[in-house]
Structure formats: structure tokens, C-alpha cells
Amino acid sequence: MKEGKLAAIAAYITIIGTIVAYFMNLEKKDTVASFHIRQALGTHILFYLMGILASMFTGYMIPTAFYIFVLVLWAYGLIIAIKGEQKETPLVGGFFQKIFKSIT
């Protein structure tokens with residue numbers, strides 16, 4: 001398995017995996033790894049922000065919808081990383097690439 005692809009996959013395995021992937025990608029800059037590190041970082045941050053937002057609701061339907069949304073984004077990103085492709089996460093991927101563009 002190519003080192004860049006391994007870093008891309010590792011980025012989706014918790015926020016710690018994203019940090020590890022970032023350091024794995026420091027020496028040999030791989031465009032696929034950099035792309036997925038930005039996508040995964042955005043997905044992890046979105047998860048925590050939506051968790052804070054979901055905690056404001058007393059029912060279970062709205063928080064469940066939030067978590068399913070983030071789970072789908074995470075799974076999509078992981079599958080694309082396993083394939084070694086560079087496809088943005090639907091709805092938010094372009095934003096993640098833009099705000100984390102300094103991560104190369």
C-alpha cells in the first residue's frame with residue numbers, strides 16, 4: 001500500500017488519526033494524503049460542532065439526524081480514501097479544502 005494512501009485512510013480514524021496522518025505526510029508530500037487530511041479534519045471538526053449543537057435539543061430525532069449526516073460524510077470520505085481517489089465530501093468538501101488549504 002502506498003504511504004500516501006495509508007495516510008489518507010488513517011486520517012479518517014479519529015482526530016488522532018488525522019494528526020498522525022499529517023505527520024506521516026510531512027516528509028513526502030502526497031497530494032492524495034493532503035487532500036484527505038483536509039477532508040477528514042473538516043469532518044472531525046464538523047462532528048464536534050454538530051455534537052455541541054445537537055446537545056441543545058431535548059428529543060432524539062434532531063441529534064440522530066445530525067449524527068447520521070456526519071457518519072455518512074465520514075464513511076464517504078473513508079471509502080474514497082481507500083480507493084485512492086480525490087473526490088470532495090458532498091456539501092462541505094469544497095469548504096474544507098478552502099479553509100484548510102494551508103495543509104499540504
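Thr-14 lies in helix α2. Helices here are DSSP runs of H or I, at least four residues long, and strands are E runs of at least two, numbered from the N terminus. Before I go on, a word on the source. This is a predicted model, where local features need pLDDT of at least 70, side-chain atom pairs count only at pLDDT 80 or more, and totals for chains, interfaces and linings use all residues. Residues are numbered from 1 along each chain as its sequence is written, and side-chain values use heavy atoms, with hydrogens and water left out.

Back to Thr-14. Its phi is positive, about 60°, although Thr-14 is not a glycine. Is Thr-14 buried, partly exposed or exposed? Thr-14 counts as partly exposed, at 46% relative accessibility. The cut-offs: buried is under 20% relative accessible area, exposed is over 50%, partly exposed is in between, with a 1.4 Å probe and protein chains only.

Leu-91 also has a positive phi, near 70°, and is a residue other than glycine. Leu-91 sits in the loop between α4 and α5 (93-99). Its relative accessible area is 80%, so Leu-91 is exposed.

Now Asn-25. This residue is in helix α2, residues 14-27. Asn-25 is at 2% relative accessibility, so it counts as buried. A polar atom of the Asn-25 side chain lies 2.9 Å from the backbone nitrogen of Asp-30. Which residues does Asn-25 touch, not counting those up to four places away in sequence? They are Asp-30, Ala-33, Ser-34, Ile-37 and Thr-104. Contact means heavy atoms within 4.5 Å.

Take Ser-34 from that list. Ser-34 lies in helix α3. It is buried, at 5% relative accessibility. Leaving aside neighbours within four places in sequence, Ser-34 is in contact with Asn-25, Ile-103 and Thr-104.

Next, helix α1, residues 3-10. Gly-4, Ala-7, Ala-8, Ile-9 and Ala-10 are buried there. The buried residues of α1 pack against α2, α3 and α4.

Pro-63 is in helix α4. Its relative accessible area is 11%, so Pro-63 is buried. Beyond four places in sequence, Pro-63 is in contact with Ala-54 and Phe-57. Pro-63 and Ile-52 are 11 residues apart along the chain, and their C-alpha atoms are separated by 9.7 Å.

On to the largest pocket. Its volume is about 190 Å³. A pocket, on a 1 Å grid over the protein atoms alone, is an open set of points where a 1.4 Å probe fits, with protein on both sides within 12 Å along at least five of seven lines; lining residues have an atom within 4 Å of a point. The volume is the space filled by probe spheres set on the points. Thr-14 comes back here: the lining includes Thr-14, His-44, Tyr-67 and Trp-74. Which helices each supply at least two lining residues? α2, α3 (31-54) and α4 (61-83) do. The lining divides into nine nonpolar, three polar and no charged residues.

Last, the record. UniProt, in an unreviewed entry, places "transmembrane region" at residues 6-25, 37-58 and 64-82. Such annotations may be inferred rather than shown by experiment. In the model, residues 37-58 are 82% helix and 0% strand, with end C-alpha atoms 33 Å apart. Residues 64-82 are 100% helix and 0% strand, and the end C-alpha atoms there are 27 Å apart.

Notes:
A polar contact is a pair of N or O atoms within 3.5 Å; within protein, one must be able to donate a hydrogen and the other to accept it, and residues adjacent in sequence count only if both atoms are side-chain atoms. Ala, Val, Leu, Ile, Met, Phe, Trp, Tyr, Cys and Pro count as nonpolar, Asp, Glu, Lys and Arg as charged, and the others, Gly among them, as polar.
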